[in-house]
Amino acid sequence: MKTLKKAALTGLLALSISSIQAQSQAQKQVNNDDIWSLREAVDYAMQNSITIKKSELQARTSEVTYFQSKMAFLPTITGNGSLQWNFGRYVDPTTNQFVNQTTQTGNYGISGNVLLFQGGQQIHAYKQNQRLYQATQEDIEQSKYNVSLNVALYYLQVLQNQELVAAATSQLEVSRLQVERTDKLVKAGSLPQTNLFDLQAQLANDQLSLTTAENNLRLAKLNLMQAMNLPAQDNFEVEKIELPDPTINPYPQTAANIYDEALRTQPSIKAADIRVESSKYSIMSARGYLFPRLYLSAGLNTYYSSGQSKYVKTGEVYPTIGNVTVDGVPYTVTSIQKSTTYTQEKYSFGSQISDNLGQYVGFSLSIPIINGWQYRNNISKTIVQRKSYELDAQSTRVTLRQNIEQAYNDLRAASSQYQANRDQVAAQDLSFKSNEARFSAGLANSLDYNTSKNNLARAQANLINSKYTYYFRVKILDFYQNKPLTFE
């Protein structure tokens, strides 16, 4: 009963959340607000994810099976009735005598039986299906976790490509200003024409880099919309999030600590363990079929025949024995005992149903002796299934541990890579400023200037990529600890 109440409250809460989300999305469309926050993107994805919906349908199927196993404890009650027309000679069920007439007869009854004992088969089947239903609930949570993480990572990719577009735009602007300045100097005769040509070529390269970055940004947005199951939109934008520069400090928890926490929080682990537990009850339920079955049965039955008549008492009389004459006087001799007189009437349907009502109650025992080894084979199958579930649980743990170890190692590499790229940007920035000053003073050629500029642009792009790679890895480790998917 508590489970049913909990399921009802959960369904009501989910319905309320869906209603609020639908109103929010409707309001978003009314206001033409196409800027999506991370929370909105995740909520939309979970509401429209086909994977989550399939998990919910599987849970619904499991819930029906679980409910059926609870209802199996109730008695089996069956009503029956038959109506037939008889022609010619037959046995009237109301008198058990042969008659030769056309009649209408009917038999009606209700019967029920309840299983009193079968080695605990029903209770163990109930516990098994209860655990399987709980496992499917964890499967739904795992699907939601996966969808949320997937959307968050694609959201980060959009932010990453937005920064790359901004960096490429800045580089393009620097090249455009330098071309304008050099053009004036060339026209004034202060610089050779080749310097202008080199800078114009660099401007074209920067324009191509910007175009490539913009294409990558559009692709990242498309990937995010597809992860949300949102139809592609040209005006799709995400809310800008200012991510701080990554810290070089190590992650607060070790890989072993993260794994221990994941074992307690990850739905996939819970689902695997619950299925192992359910298999224990599956074996016990299968063994219950080896025990005798004891049933309690009871029922009511009655019948009706249109050929049946009813004799109704009309009175009592002293029957006449004979007449005698005594001394010439005639006398009528009657019996000293009264005789009852009857009249034949039609026996109504309702009266027959009531008068012919019978009841019964009894026990029945069924003892399995030989059934082609079917029950014992079923036990063997459930034992094999239990071992399969145990291997699945073990495999899930191994995969989880390996994924955490890989993500932890990737985070350390991303942290080191970010530190190296940060130092490289600082060095390339000093080099570019030096070459830019020398080029402006006519002490360096355009080739040296373009080379230093490209090196700086490449270092800046690498720094942006390593920054978001770092946050990718952090979010994955946070995910394994069931931490909120936020970037605050």
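Angles under 35 degrees count as roughly parallel, over 145 as roughly antiparallel, 65 to 115 as roughly perpendicular, and the rest as oblique. With that in hand, here are the close-up views, all taken from a predicted model.

**View 1. Helices α6 and α7 pack against each other at an angle of about 60°.** Two packed helices are described by the angle between their axes and the distance between the axes. Here, helix α6 covers residues 255-265 and helix α7 covers residues 267-288, and their axes are 6 Å apart. The pair is therefore called oblique. On the α6 side, the contact is made by Ala-262, Leu-263, Arg-264 and Thr-265. Pro-267, Ile-269 and Lys-270 make the contact from α7. Sorted by class, this contact of α6 with α7 has four nonpolar residues, one polar residue and two charged residues.

**View 2. Glu-277 is a partly exposed residue of helix α7.** Staying with α7, this view picks out Glu-277. The relative accessibility of Glu-277 is 31%, so this residue counts as partly exposed. Look as well for Leu-132: 145 residues separate Glu-277 and Leu-132 along the chain, yet their C-alpha atoms are separated by 9.0 Å.

**View 3. Ser-148 is a buried residue in helix α4.** The helix that holds Ser-148 spans residues 121-188. Buried means under 20% relative accessible area. Ser-148 has a relative accessibility of 10%, so it counts as buried. Once neighbours within four places in sequence are left aside, Ser-148 is in contact with Val-42, Met-46 and Leu-485.

**View 4. Strand β5 pairs with β2 and with β7.** Strand β5 runs over residues 103-117, and strand β2 over residues 76-86. These two strands pair in the antiparallel sense, over eleven bridges. Strand β7 (residues 293-305) is also antiparallel to β5, and twelve bridges join them.

**View 5. The whole protein chain, for orientation, has ten helices and twelve strands.** Of its 488 residues, 34% are buried. Among contacts between residues at least 6 apart in sequence, 81% join residues at least 24 apart. The accessible surface of the protein chain comes to about 28900 Å², and carbon and sulfur atoms account for 54% of that surface.

Conventions:
Residues numbered from 1 in each chain as written. Predicted model: local features only at pLDDT ≥ 70, side-chain atom pairs only at ≥ 80, totals over all residues. Heavy atoms only, no water. Helix = DSSP H or I, 4+ residues; strand = E, 2+ residues; numbered from the N terminus. Buried < 20%, exposed > 50% of the residue type's maximum accessible area, 1.4 Å probe, protein only. Contact = heavy atoms within 4.5 Å. Pairing = 2+ DSSP bridges. Axes fitted to C-alpha atoms, helices over the stretch in contact; angles between N-to-C directions. Nonpolar A, V, L, I, M, F, W, Y, C, P; charged D, E, K, R; others polar. Areas by Shrake-Rupley, 256 points an atom, 1.4 Å probe, with all protein chains shown as cover.
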